[in-house]
Amino acid sequence: MALLQTLLLRVITTAVTLLGVAVIVFFVIRVVPGNPIAMMLPPGATAEDIANLTARYGLDKSIPEQFFIWGGGVLRGDFGTSITLKQPVLALVLGRLPATLELSVLALGMAILIGGAAALTGTRLRETRVEGGIDIAQGMALSVPDFLWGLVLILVFGVLVPVFQISGRVTPSLELPFVTDFYLVESVLRLRFDLTLDLLSHMLLPALALAIPLAAIIGQLLKQSLKETMHLDYVTLARTQGYSEAKVIWSQALPNAILPTLTLVGVQFTFLIGGTVIIERLFSYEGLGNMAIDAVINRDLPLIQGIVILFAVIFTGVNLLVDLTYAALNPRLRHG
Amino acid sequence: MAEGRFQVRRRAGLRLWLSAAWLILLVMVALFAPYIASKDPLEQDLFAGRLPPFWVHGADASFLLGTDSLGRDVLSRIIFGTRIALGVAVVSASFTCVIGAALGLLAGFYRGWVDVLVSRFIDIWMAFPPVLFSILLIAVIGPGLFSIILAIVVIDWTRFARVIRAEAMAQGAMDYVASARVAGRGRLGILLREILPNVLPIIVVLLTLEMGIAVIVEAILSFVNLSISTDDPTWGGMISEGRTSIHQAWWVLVFPLITLFLTVLSFSQLGEGLKDRFDPVLR
């Protein structure tokens, strides 16, 4: 019963939050001083041309009226038409979403691997210079945001030792046989590993830039939990039974220490997705974030709305999922 | 164990002083920029475009760190960029702090509908990717320093409100607040005289961290060309130009990047160092 109640309450607050986002985005954008219609027409356009085009995009109606027309469309999956690209916003946004998702998930995987390895190594070699070194590295990684790590990576692995690509998603001259926009996934499924490698060499640096701060957070928290677990009686028992230290950490301490980290990863993943906006720009990676910045610069109102709403849906969706997973895993809530 | 703790303290002290030293240096540079810079940061010299820094062959020694594609002196632009970076950091972080802390205190101490309202807004704010949110706001209000400051305040007040609200709630439940109430102090009096001094250390830590965030936000917005005009010397603008000419003139990217990196690192380390210092458990 308690679980059902929590669930319902969370779904409702999520809906309210999304409605709030939609209202704020819509009204904030309507205060734009520049006139997007004037920017679309050639210099010699008459007042009549302007009025016609304004009516076609519904910009002549009152702001609340525009909101209800737009909101009704959104509920039917119609986000309007991009002013600069002249295509349906939903199709444009969905076309770019896979690129951003692939980048985010790759970055998340790298963060978990690096952070996990750092925590395990730090625990195995605790109270040595290695642990001190890892601590300092993590402190640095946390202090500096992904944008700056991206620039550092560009300098080191793009220019100084040019081993990875620093712009784009895939080498433009390559023929792509893909039918979906999930290039990386599809290249693996089609066993076109040459394309997989090319994609990865483009994605590695932006993904690493996104992963570095998150890896540090994961590393710190996991090591903290491991440290606490290592003092528990059952771990000492395993040690007296002759398990090696590495095995004690891996098979005894880790399963119990990992839960707080998992919850944290969920929440932090939303921050990572938010970071893709500027990282994609930095690496000219053709994802949602890059499209968002172009849309803002071109004042493409329908497109901006669509992208921001989609980001908000992803953010709140991930948060909701984390909360529900936590509720399902937490026995106190499950049986409450 | 005791020795280990001592080492941790000493290392923490060192990073605190190093960060403080770098930031004090920056303040000095910002204040005395016209006396330190050897060139006018806006002056173009098309015959001196993309000169390398002084130790590289082909350099002109009067441009210590080289020039950009328009022949503007990189070092002088970094020096004048310090004014913009620190100005934005101090002003925007202060406003963010005052508004966020005030809302957090009110929500955490008075609870009731104020708390419901503030918490709901925090939830909605958390659903926006901050970078996208700031770019959106700048697009709406138009580029410029004032817009950047406004965007930082509008977006980041939740950082203060979230933490201070929780802290005010925890403090409000403590005995000293109850006894102040018994002693007949008014609610506002308790909030300002009892709770505020107790959350002040956290506010100082958050303020320091926020300045670092403000520096990076300004750099990002200059990078995507939504800050002030590209003529004006901003670190982010220089980095943006450096990114495009990275294979022809690495120095246009590297020197502003190092400056920005050290500055962000210093604010963050200073904030973390202060947090450790204020933390009674470590003390």
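In this predicted model, helix 7 (residues 146-160) of chain A and helix 11 (residues 245-282) of chain A pack at an angle of about 25 degrees. Angles under 35 degrees count as roughly parallel, and the two helices are therefore roughly parallel to each other. Their axes are 9 Å apart, and helix 7 of chain A passes helix 11 of chain A in a right-handed crossing. On the side of helix 7 of chain A, the contact is made by A:D146, A:F147, A:G150 and A:L151. Helix 11 of chain A contributes A:G275, A:I278, A:I279 and A:L282. An α-helix has 3.6 residues a turn, so residues three or four places apart point the same way.

Between the chains, 29 residues of chain B are in contact with 33 residues of chain A. On the chain B side, helix 4 (112-126), helix 5 (130-141), helix 8 (187-223) and helix 10 (251-278) each supply at least two residues. Helix 10 of chain B gives the largest share of that side, 9 residues.

The table sets out the composition of the two sets of contact residues.

Helix 7 of chain B (residues 175-182) is hardly covered, and the count of buried residues among its 8 residues is 0. This helix is followed by B:G184, which has a positive phi, near 90 degrees.

How values were computed. Residues numbered from 1 in each chain as written. Chains lettered and ligands numbered in written order. Predicted model: local features only at pLDDT ≥ 70, side-chain atom pairs only at ≥ 80, totals over all residues. Axes fitted to C-alpha atoms, helices over the stretch in contact; angles between N-to-C directions. Helix = DSSP H or I, 4+ residues; strand = E, 2+ residues; numbered from the N terminus. Parallel < 35°, antiparallel > 145°, perpendicular 65-115°, else oblique. Left-handed = near helix turned anticlockwise from the far one by under 90°. Contact = placed C-beta atoms within 7 Å. Buried ≥ 20, exposed ≤ 12 C-beta atoms within 10 Å, placed from the backbone.
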